[in-house]
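Dear colleague,

Please find below the structure that I am handing over to you. My notes on it follow directly after.

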Amino acid sequence: MGGKDGFGPIPIEENEPVFHADWERRMYGIGRLVLTKRLLLLDEFRHAIERIPPAVYLNATYYEKWMLGLYTILIEKGLATPDEIKGGLPVELLPTVRLKPTAKASVPRVKPRFKKGDAILTRNFISRLHTRMPRYAHGKHGVIHADEGIFPLPDTWAHGGGPNAQHVYAVRFSARELWGENASPREFVYIDLWEDYLEPGRGKSTRRRAGS
Amino acid sequence: MADHHDHKHDSDDDQAAARVKALEALLVRKGLIDGQMLDLIVDTYENRVGPRNGAKVIARAWTDPAFRKRLLADGPAAVNELGFPPGPEGVHLIVIENTPRVHNVVVCTLCSCYPWSVLGLPPVWFKSPPYRSRVVSEPRAVLREFGTELDDKVEIRVWDSSAEVRYLVLPMRPEGTEGLSEEELIELVSRDSMIGVTQAKSPGAKGGSERRA
Amino acid sequence: MTANDPIPNPSGDERTFRTPWEARVFSIAVTLSRHGLFSWDEFREHLIAEINGPDASPDYYQNWLHALEEMLTDKGTLIADEIEAELAALEADQPHPQKHSHPPDQPLRTHPGSQEDADGDADTGD
């Protein structure tokens, strides 16, 4: 693996791993760079590594695995052909990867269904698949406190079902809603919930109407 | 009986130690890990990352209103200013401030999620079933077990970190600390006050939490 | 331990890791995740299942260890019973298994399985 360093200094992190060869250090830096620049998602990288045939996988060192994973993705995204990789070109390709906007595996732009102040009702799941909603919060009324951004849904993603990226909200529940009328009126629980867990709730929204 | 419990505990530990040793040997043989990397990580979380990081952030927020504003608006960026980059648990840190009217406390009812980069690893009690289940339903009683009494009029907010966000409580600056330097203020910011089970320490207090009037 | 037990050691004055094996299994999970074998979220899924499942241990890191083993077996990184086989092999090498004791001031650093001496490259400084 040769080629010029066309993309600036590689940032060194605090706990830099030990490298047994120079190419390993470069591979580490390349891997970090493509992840940091969001050229691909960690999940894609991980899945590519997982698809290395077991006989190869078990004998490869971990930087060899990174290399193989990255090659796989370059080919699958149409950024390199197998011949180019055989010819030892992929390092030269990386500046190209960085420049091509289509190469960016950015966080998908998904419109939020809810906004701050919206009244919601959490769903009541029977199946154990939906792991990130605490049991005490099923089937409860709450109010959206904040939109925390877009994240993959672990229920499907971690079980091979794709990222299913969606908004996650901090939702405010009153203690009385969760625990009954004897609870304090001055206690609230905020839970971070994926959009799939929520339905619009009936009842008063605390959102200000435009113009009021 | 204490003896019986200790024996079982020891033998469970011996079994676990053997399994971990076997697991590590396998993973090293497969080229997946390196013993030195493991040592580095252990060292990091035993000696280099801990609640003192968070205490520095809090003390800075107490003395620098512009920093406080930045901290509340963008936790990771502000924390990074002090040289604490996010750890493996992610970059989504939200700082929540305590006020005379609102007191915040953090939990992870599902497992043990915790803002490692500013607080290090969580104490055993934070990961325990009694804390995780009771603080959401009876926070006032739980806080009392940590020596914290809150007036009934104070609103309590319990934050359950069920997703990617990690929460850090910005405790109120104790009274009578106007003359203290940032270094002296750092000493008053306990780990527990950044989780929310206590207030920050009073100057001159013997390590316990401040009692509210 | 159940929800009805008292909150254990609220003073929180304990070591980061109670035993060397806890430190080791923690760092194995973090290292593997950092190297891209799995996302932290994926590990968390397994940890949540273990902690809240029927076989949950009262000991947090026992749950961590089980979760890690389960996940690695699911992913094919470990073949079923590979750990048992390794245990047997290690035991065969050790006719007299030692009784451990961990005095409080014993350093936690151990190098099971690593052949080289630690050298200066590993030092990160601050």
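Between them, chain B and chain C bury about 5,700 Å², 62% of it on carbon and sulfur atoms; buried area is the accessible area (1.4 Å probe) that two parts lose on being put together, summed over both. The model is a predicted one: local features need pLDDT of at least 70, side-chain atom pairs count only at pLDDT 80 or more, and totals for chains, interfaces and linings use all residues. Residues are numbered from 1 along each chain as its sequence is written, chains are lettered from A and ligands numbered from 1 in the order in which they are written, and side-chain values use heavy atoms, with hydrogens and water left out.

Chain B brings 63 residues to the contact and chain C brings 69, where contact means heavy atoms within 4.5 Å. Seven salt bridges are counted between the two chains (a side-chain nitrogen of Lys or Arg within 4 Å of a carboxyl oxygen of Asp or Glu). C:Arg18 forms a salt bridge with B:Asp13, and their closest N and O atoms are 2.9 Å apart.

Two residues of chain C call for separate mention. C:Asp81, although not a glycine, has a positive phi of about 65 degrees. C:Asp81 is exposed, with a relative accessible area of 55%, whereas C:Asn9 is partly exposed at 33% (buried means under 20%, exposed over 50%, partly exposed in between; 1.4 Å probe, protein chains only). The phi of C:Asn9 is also positive, near 45 degrees.

Yours sincerely
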